Amino acid sequence: DLKTLVNTTYTLTATDANLNEAVCSFDVILADTIAPTITCPGDQTESLDANCEFVLPDYTGLATVMDVCDPNPTITQIPVAGTIISNTTTITLVVTDASSNSNSCTFDAIPEDTTPPTITCPGDQNETFDANCEFILPDYTVLATVNDTCDANPLLTQSPAPGTVITTTTIVTITATDVSLNTNDCTFSVIPEDTTAPTISCPGDQNESLDMNCEFIIPDYTGLVIVTDGCDPNPLLTQSPIAGTIISATTTITIFVEDATGNNNSCVFDVFLEDTTAPTITCPGDQNEDWPW
């Protein structure tokens, strides 16, 4: 057993033919000069916290260590457990046996950003249709609130993209992407509204003829107006005074137009009445008269 030989004194005796003896002694002092073996774990991929930091744990338990003389060599870590890192850091594990023989190995701690940005969209947006009953989406990304602890300027994208033409309520999604490609998104509605009144053009003033009772019955003039509306192909037309009204003097006619959204407009013209009926006359019968002489 090697341990029984440590610090052991050996005595050597020399004896000649006449049995004369000489004695000497010496110590055999064994020293452990063989360093322990150590194997580190592979590189460790870790997740950064909400502050974009990572607190190093104690990695010594992941090392494989062997020493023939010391069953429990000491393992130390550099940087020590508890150190805060934010970038790839080389970890050194040092093993030291009872005889102060040491060895080391290294691996990398690789912190990664796995936390997506936070993003808050604006509320629903009420917008106005143009004359073609269309709305062109603007860039709404400037209205979003974004925060990311590792990336001061995450990329913001919008779907549908700015410049898209919409004709009805549309859900818009804004996506935030940080430099580590973590993403998050939020949504809101774009609600386009028709706030443009129809255009209406009345006919010119109307010259009409009184009837035999010196009256005129107003007809339906709505068919004479020209109406356009970008969102409603058939806006409602009404007339005042209504068709069928009896008039006997010059009267102003108002034509009202209202689209499906309640936007309205109007125009006016006059109805001028003319008496174009000749009077009736009945003559007496032939008259027999005497000559005056």
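A: Strand 25 (residues 251-258) and strand 26 (residues 264-274) are an antiparallel pair, held over eight bridges. Strands here are DSSP runs of E with at least two residues, helices are runs of H or I with at least four residues, both numbered from the N terminus, and two strands pair if DSSP finds at least two bridges between them. Please bear in mind that this is a predicted model, in which local features need pLDDT of at least 70 and side-chain atom pairs count only at pLDDT 80 or more, while totals for chains, interfaces and linings use all residues. Residues are numbered from 1 along each chain as its sequence is written, and side-chain values use heavy atoms, with hydrogens and water left out.

Q: Which residue is the bridge partner of T251 in strand 26?
A: The bridge partner of T251 in strand 26 is V271.

Q: And what is the order of the strands in the open sheet of four?
A: The order is 20-26-25-23, and the pairing in this open sheet is mixed. From one strand to the next the twist averages 30°, where axes are lines fitted to C-alpha atoms (for helices over the stretch in contact) and angles run from 0 to 180 degrees between N-to-C directions.

Q: Stepping back, how many helices and strands does the protein chain have?
A: The protein chain has zero helices and 26 strands.

Q: What is the radius of gyration of the protein chain?
A: The protein chain has 53 Å, whereas a compact globule of 293 residues would have a value near 19 Å; the radius is taken over C-alpha atoms, and the globule rule is 2.2 Å times the number of residues to the power 0.38. Along the principal axes, the C-alpha atoms fill a box of roughly 230 × 20 × 20 Å.

Q: What percentage of the residues count as buried?
A: Of the 293 residues, 31% count as buried, where buried means under 20% relative accessible area, exposed over 50% and partly exposed in between, with a 1.4 Å probe and protein chains only.

Q: Changing topic, how many disulfides does the structure hold?
A: The structure holds five disulfides, a disulfide being a pair of cysteine sulfur atoms within 2.5 Å. With the bonded cysteines of the protein chain numbered in sequence order, the pairing reads 1-3, 2-6, 4-7, 5-9, 8-10.

Q: Where are C40 and C105 in the chain?
A: C40 is in the loop between strand 3 (37-39) and strand 4 (44-47), and C105 is in strand 10 (residues 102-112), so to speak of the pair is to speak of distant parts of the chain, 65 residues apart. The disulfide that joins C40 to C105 has an S to S distance of 1.9 Å and is right-handed, with 85° about the S-S bond.
A: C52 counts as buried, at 15% relative accessibility, whereas C150 is partly exposed with a relative accessible area of 24%. A disulfide joins C52 to C150 with an S to S distance of 1.9 Å, and with 120° about the S-S bond this link is right-handed.

Q: Where do C133 and C231 lie?
A: C133 lies in the loop between strand 12 (125-128) and strand 13 (135-136), and C231 in the loop between strand 22 (226-228) and strand 23, so the pair ties together parts that are 98 residues apart in sequence. The disulfide of C133 and C231 has an S to S distance of 2.0 Å, and the torsion about its S-S bond is about 110°, so the link is right-handed. C133 counts as buried at 14% relative accessibility, while C231 counts as partly exposed at 29%.

Q: Back to strand 10, how many bridges join strand 9 to strand 10?
A: Eight bridges join strand 9 (residues 89-96) to strand 10, and the two run antiparallel, with I91 standing opposite F107 in strand 10. The hairpin of strand 9 and strand 10 has five residues between the strands, and S100 there takes a positive phi near 70°.

Q: And which way do strand 4 and strand 10 run?
A: Strand 4 and strand 10 run parallel and are joined by four bridges, and T45 stands opposite I110 in strand 10.
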